[in-house]
Amino acid sequence: TDAGENDSLTYSWNFGDGNTATGQEVSYTYDQEGTFTVDVTVTDSDGDSSLTYTQDITVVNVAPTLTEVTIPTSGKEGEELTFSATATDINNTNLTYSWDFGDGNTTTGATVTHTYTQDSLAQTDGVYTLTLTVTDNLGKSTVTTQTIEISNANPTITDISIPNSAIKGESVNFSATATDVEADNLTYSWDFGDGNTATGANVTHTYNDLALYFVTLTVEDEDGGIISNKESILITNLAPTIDSDND
């Protein structure tokens, strides 16, 4: 109020961050956190009478807002998975995206990839809890979590040796090499097609009949993952030999 009957009043605001405004009622948006001293000075139309009021205002930082998150809900051992996120921040600051994959591995970036090498920490099919933390340059963070189920991957046969043919009654060598993402102990099971079987990466077998046989190798990991390979072997007769040429 002013004692002058015909005086008009001017309200001048100083928001404490270098910005000002005029008007009896104004609005203002701070783009950074901190404690600011706000002044409002009221001046009458004669210009020789003014009153200033001062008050501190504390502006707190607002955490970033996640607008999009892409996290697969499932995958397999050894499979490269892609994770991505988009976030916004009032201050338009550079945001840091921190990923914790729940298996002891971490990385940073808006779009990242990760490969789980075990189906779970307990060596059985299971679930990991993935955590994404988005942080602005003032340390304010937004956190989101999601579970991802990693299933067992079958072994891979990298090399196998099965002869195309062999002689009846002779010992035949069979061998194979396989790998597993989780580095499980692998079991090699051979079915020679004549009713006989054996186990091991390197085995021998003797066929006693003339025929075309189909040899099946099955490799199994500790979690039940299986891969098989079938190949044929032809068992032939050994021709007679002459060990004397006397008349």
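Three strands, β1 (9-14), β3 (34-44) and β4 (50-59), each supply at least two residues of the lining of the largest pocket. Strands here are DSSP runs of E with at least two residues, numbered from the N terminus. The model is predicted: local features need pLDDT of at least 70, side-chain atom pairs count only at pLDDT 80 or more, and totals for chains, interfaces and linings use all residues. Residues are numbered from 1 along each chain as its sequence is written, and side-chain values use heavy atoms, with hydrogens and water left out.

A pocket is an open set of points on a 1 Å grid over the protein atoms alone, where a 1.4 Å probe fits, with protein on both sides within 12 Å along at least five of seven lines; lining residues have an atom within 4 Å of a point. The largest pocket has a volume of about 180 Å³. That volume is the space filled by probe spheres set on the points, which are joined across faces, edges and corners. Its lining holds 12 residues, and T1, L9, V42, S50 and L51 lie nearest the centre. β3 gives the most, with four residues. By class, the lining has six nonpolar, four polar and two charged residues. Ala, Val, Leu, Ile, Met, Phe, Trp, Tyr, Cys and Pro count as nonpolar; Asp, Glu, Lys and Arg count as charged; the others, Gly among them, are polar.

Two of these lining strands are also partners. β1 and β3 pair antiparallel over six bridges. Pairing requires at least two DSSP bridges between the strands. W13 stands opposite V40 in β3. W13 also has A21 in β2 as a bridge partner. β2 (residues 20-22) runs antiparallel to β1, joined by three bridges. The two form a hairpin with five residues between them, and G16 in the turn has a positive phi of about 85°.

Next comes an open sheet of three strands, ordered β5-β7-β10, with antiparallel pairing. β5 (65-70) and β10 (111-115) are the edges; each has a single partner strand, so one side of each is left without a neighbour in the sheet. β5 pairs with β7 (residues 80-88) over five bridges. There, E68 stands opposite T86.

β14 and β20 (residues 226-236) run parallel over three bridges. I167 has T236 in β20 as its bridge partner.
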